[in-house]
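Work through the exercises below with the sequence and the 3D structure open. Try each task before reading its solution.

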Amino acid sequence: MIDGIKIQLKSEELKQHLLDKVKYHQNKNSFYEDQVNALKSGGIKSEAVTNDPVSSLEQSAKKHKGKAEYFQFLADHLVADEIYQLSENDLTKLEIISYYF
């Protein structure tokens, strides 16, 4: 009996994808941190307002840092030489696809 749609990925393929995502999110984190530093060096301070650019960029940096750490943890703990069955939800969470219908 088939239980929904599952995509099979070899652990090596999944690990490479995860490491690519680590690098992507580390780069995005660095980009946003650079933007924060540029704003602060230009005299713009973080303020308690809803449209604060410094806080917004800091949150974006934090989000990407967290994602990089998440993907690194997964990559470090995959079982070698296995086949992973991924659901549509897994594919989205792992950023293999952006969304499903």
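Predicted model: local features only at pLDDT ≥ 70, side-chain atom pairs only at ≥ 80, totals over all residues.

## Exercise 1: A network of salt bridges

**Task.** State how many salt bridges a search of the whole structure finds, and work out which residues are linked in a network.

**Solution.** 

Step 1. Take the total. The search of the whole structure gives three salt bridges.

Step 2. Start from Lys21. Lys21 forms a salt bridge with Glu95, and the closest N and O atoms are 3.5 Å apart. This pair links distant parts of the chain: Lys21 is in helix 1 (residues 11-41), Glu95 is in the segment after helix 3 (88-93), and 74 residues separate them.

Step 3. Look again at Glu95. Glu95 also forms a salt bridge with Lys67, where the closest N and O atoms are 3.1 Å apart. Here too the pair links distant parts of the chain, with Lys67 in helix 2 and Glu95 in the segment after helix 3, 28 residues apart.

Step 4. Lys21, Lys67 and Glu95 are linked in a network of salt bridges.

Step 5. Lys21 has a relative accessibility of 18%; buried means under 20%, so Lys21 counts as buried. Lys67, at 29% relative accessibility, counts as partly exposed.

## Exercise 2: Helix 1 against helix 2

**Task.** Describe how helix 1 and helix 2 are arranged: at what angle do their axes cross, and what is the handedness of the crossing?

**Solution.** 

Step 1. Two packed helices are described by the angle between their axes and the distance between the axes.

Step 2. Read both values. The axes of helix 1 and helix 2 come within 8 Å and cross at roughly 160°.

Step 3. Name the arrangement. Angles over 145 degrees count as roughly antiparallel, so helix 1 is roughly antiparallel to helix 2.

Step 4. The crossing in which helix 1 passes helix 2 is left-handed.

Step 5. Sort the contact by class. The contact of helix 1 with helix 2 has 14 nonpolar, seven polar and nine charged residues.

## Exercise 3: The surroundings of Val36

**Task.** Decide whether Val36 is buried or exposed, and list what Val36 is in contact with beyond its neighbours within four places in sequence.

**Solution.** 

Step 1. Locate the residue. Val36 is in helix 1.

Step 2. Classify Val36. Its relative accessibility is 6%, so Val36 counts as buried.

Step 3. List the contacts. With neighbours within four places in sequence left aside, Val36 is in contact with Val54, Leu57 and Glu58.

Step 4. Take one of these. Val36 and Val54 are 18 residues apart along the chain, and their C-alpha atoms are separated by 5.7 Å.

## Exercise 4: Positive phi

**Task.** Examine phi of Asp81 and of Glu95, and say where each residue lies.

**Solution.** 

Step 1. Recall the background. Most residues other than glycine have a negative phi.

Step 2. Check Asp81. Its phi is near 60°, a positive value in a residue other than glycine. Asp81 lies in the loop between helix 2 and strand 2 (83-86). Its relative accessible area is 65%, so Asp81 is exposed.

Step 3. Check Glu95. Glu95 is not a glycine, yet its phi is positive, at about 60°. Glu95 lies in the segment after helix 3.

Key
Residues numbered from 1 in each chain as written. Heavy atoms only, no water. Salt bridge = Lys/Arg side-chain N within 4 Å of Asp/Glu carboxyl O. Helix = DSSP H or I, 4+ residues; strand = E, 2+ residues; numbered from the N terminus. Buried < 20%, exposed > 50% of the residue type's maximum accessible area, 1.4 Å probe, protein only. Axes fitted to C-alpha atoms, helices over the stretch in contact; angles between N-to-C directions. Parallel < 35°, antiparallel > 145°, perpendicular 65-115°, else oblique. Left-handed = near helix turned anticlockwise from the far one by under 90°. Nonpolar A, V, L, I, M, F, W, Y, C, P; charged D, E, K, R; others polar. Contact = heavy atoms within 4.5 Å.
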